[in-house]
Amino acid sequence: MPLPEDALILRYQGGGNYVDCYRTQVPGSVSLARLITSFYTSPLFKLERSALYVLSLGASDADVHALANGDIDRFSAWTVEAREPDQLLLSDVRARTRSWLKVDALDNSATALFFGSAVLAQVDREDIGIIASSLLGFHVMYSHALLNAARQRLLSGVSQP
């Protein structure tokens, strides 16, 4: 799906980079903090967080809440690259990938939720490389599943920052 015109991740489009954008919506008003909380505390993402503990990059639910509230700029394997009231852009520790979340109030009865990623072209190449390219199919499925897991948590009312 095309990126919104104000998307922080838009700066990475082109130049051999891979950039994607996924969207869903939920009824009601959802803040960025609630999206961040629902995304990073979903059972699916907790599996990823668990795997990152092996690399000493784990994060707790308290860390998620601190990120959601803007109290920290480092979260597990990511640092905050940019933040606006409606969106967050994270860079991984190697600065090769970006993760992006955004909320957009559609009206008083619904909110659009966005999740996107960027994989930057390798320095000595004009593309993301064969290994990253070969993983894109899995990445697309995983991205859909992550956004859907966050949506389900929001619909169930589980995620409160």
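These legends walk through a few close-ups of a predicted model. Local features need pLDDT of at least 70 and side-chain atom pairs count only at pLDDT 80 or more, while totals for chains, interfaces and linings use all residues. Residues are numbered from 1 along each chain as its sequence is written, and side-chain values use heavy atoms, with hydrogens and water left out.

**View 1. Helix 1 is tucked away.** Nine of the nine residues of helix 1 are buried, so the rest of the structure largely encloses this helix. Among them are L32, R34 and S38. Buried here means under 20% relative accessible area, with a 1.4 Å probe and protein chains only. Helices are DSSP runs of H or I, at least four residues, and strands are runs of E, at least two, numbered from the N terminus.

**View 2. Helix 1 meets helix 3.** On the helix 1 side we find A33, I36, T37 and Y40, and on the helix 3 side V64, H65, L67 and A68. Contact means heavy atoms within 4.5 Å. These residues divide into six nonpolar, two polar and no charged; Ala, Val, Leu, Ile, Met, Phe, Trp, Tyr, Cys and Pro count as nonpolar, Asp, Glu, Lys and Arg as charged, and the others, Gly among them, as polar.

**View 3. A look around Y40.** Leaving aside neighbours within four places in sequence, Y40 is in contact with residues including F45, R49, F75, S99 and L101.

**View 4. The largest nonpolar core.** Of its 34 residues, I36, F39, Y40, L67, L101 and L113 touch the most other members. Such a core is a set of buried Ala, Val, Leu, Ile, Met, Phe, Trp, Tyr and Cys residues joined through side-chain atoms within 4.5 Å. A second, separate core of 14 residues includes V19 and W100.

Methods: Buried < 20%, exposed > 50% of the residue type's maximum accessible area, 1.4 Å probe, protein only.
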